[in-house]
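Here's a quick tour of a protein chain for anyone just getting started. Have a look at the sequence and the structure, and then we'll walk through them together.

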Amino acid sequence: MSDADRDPAAAAREHLLETRTATLEAVLDAADTVATGDPTGSDDPTGAAAAGTPDATASSGAAGWLRLDDGRLATPDRDALVPVFRAVLDDRGILGGLPELLAEAVEAAGYDLPATPVPAPPYVAVTSTGPVLRATVEDGRLVVRIDCFEVVRGVDGAGEPGVVYARTATEPPAALSVSFTSSN
């Protein structure tokens, strides 16, 4: 296959799903902790399910979180979500490992990084939807996203403007997206 025929994003995604599933799952577990307020990552921070309480699913998750009609936990407070998520990732040692994940993705895509990435912008950013890893390479930009939350609009009871950040993907293949934008 010639360089013109290869798909850097697909190569990077395939590599990460084959070799970094544990890291991706750790990120998703951290998102569960943020949404539930429970360090075990269960969807029942009250412990009611373990106690056999019939209304275990009535839990609204972490403080300030609500349960959407589809059962997912969500918060309207982006300013609370991002720093808490970043702190959980950092406390568990996950945040510090994301630059290595980025470096592996860049290598799998067939490129070299011009500098050693660090767990801070521009290489690693924790956003309201999840970690975003970015690398500028010789002929473009590789972006790795681990989507843990999604923006949901028009939610009643979410205040103005009715926007919440809802827990989304629970498995690495659904959470991981990789894109490459050529600068040529």
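Below is a short briefing, going from the whole chain down to single residues. Keep in mind that this is a predicted model. The protein chain has 184 residues, and 42% of them count as buried.

**The chain as a whole**

- If you read along the sequence, the elements come in the order α-α-α-β-β-α-α-β-β-β-β-β-α-β.
- Take the contacts between residues at least 6 apart in sequence: 62% of these join residues that are at least 24 apart.
- The chain's accessible surface is about 9200 Å², and carbon and sulfur atoms account for 50% of that.

- Helix α2 covers residues 21–36 and helix α4 covers residues 78–91; their axes sit 9 Å apart, at an angle of about 130 degrees.
- How do you describe that arrangement of α2 and α4 in a word? The two helices are oblique to each other, because an angle of about 130 degrees falls between the 65 to 115 range for roughly perpendicular and the over 145 range for roughly antiparallel.
- The crossing of α2 and α4 is right-handed.
- On the α2 side, the residues in the contact are Val27, Ala30, Ala31, Thr33 and Val34, and they meet Leu81, Val84, Phe85, Val88 and Leu89 of α4.
- Sort the residues of this contact by class and you get 9 nonpolar, 1 polar and no charged ones.

**Leu142, a residue in a strand**

- Leu142 belongs to strand β5, which spans residues 140–146.
- Is Leu142 buried or exposed? Its relative accessibility is 1%, so Leu142 counts as buried, the cut-off being under 20%.
- Leu142 and Pro8 are 134 residues apart in sequence, yet their C-alpha atoms are 8.1 Å apart in space.
- Leaving out residues up to four places away in sequence, Leu142 touches a whole list of others, including Ala9, Ala12, Ala105, Leu133, Val178 and Phe180.

**Glu104, a residue in a helix**

- Glu104 can be found in helix α5, residues 98–108.
- With a relative accessible area of 22%, Glu104 is partly exposed, because that class lies between the buried limit of 20% and the exposed limit of 50%.
- Thr19 is 85 residues away from Glu104 along the chain, and their C-alpha atoms are separated by 9.5 Å.
- Which residues does Glu104 touch, not counting those up to four places away in sequence? They are His15, Thr19 and Arg20.

Key
Residues are numbered from 1 along each chain as its sequence is written. This is a predicted model: local features need pLDDT of at least 70, side-chain atom pairs count only at pLDDT 80 or more; totals for chains, interfaces and linings use all residues. Side-chain values use heavy atoms; hydrogens and water are left out. Helices (H or I, at least four residues) and strands (E, at least two) are DSSP runs, numbered from the N terminus. Buried means under 20% relative accessible area, exposed over 50%, partly exposed in between (1.4 Å probe, protein chains only). Contact means heavy atoms within 4.5 Å. Accessible areas come from the Shrake-Rupley method with a 1.4 Å probe; for residues, only the protein chains shown count as cover. Axes are lines fitted to C-alpha atoms, for helices over the stretch in contact, and angles run from 0 to 180 degrees between N-to-C directions. Angles under 35 degrees count as roughly parallel, over 145 as roughly antiparallel, 65 to 115 as roughly perpendicular and the rest as oblique. A crossing is left-handed if the near helix is turned anticlockwise from the far one by less than a right angle, and right-handed if clockwise. Ala, Val, Leu, Ile, Met, Phe, Trp, Tyr, Cys and Pro count as nonpolar, Asp, Glu, Lys and Arg as charged, and the others, Gly among them, as polar.
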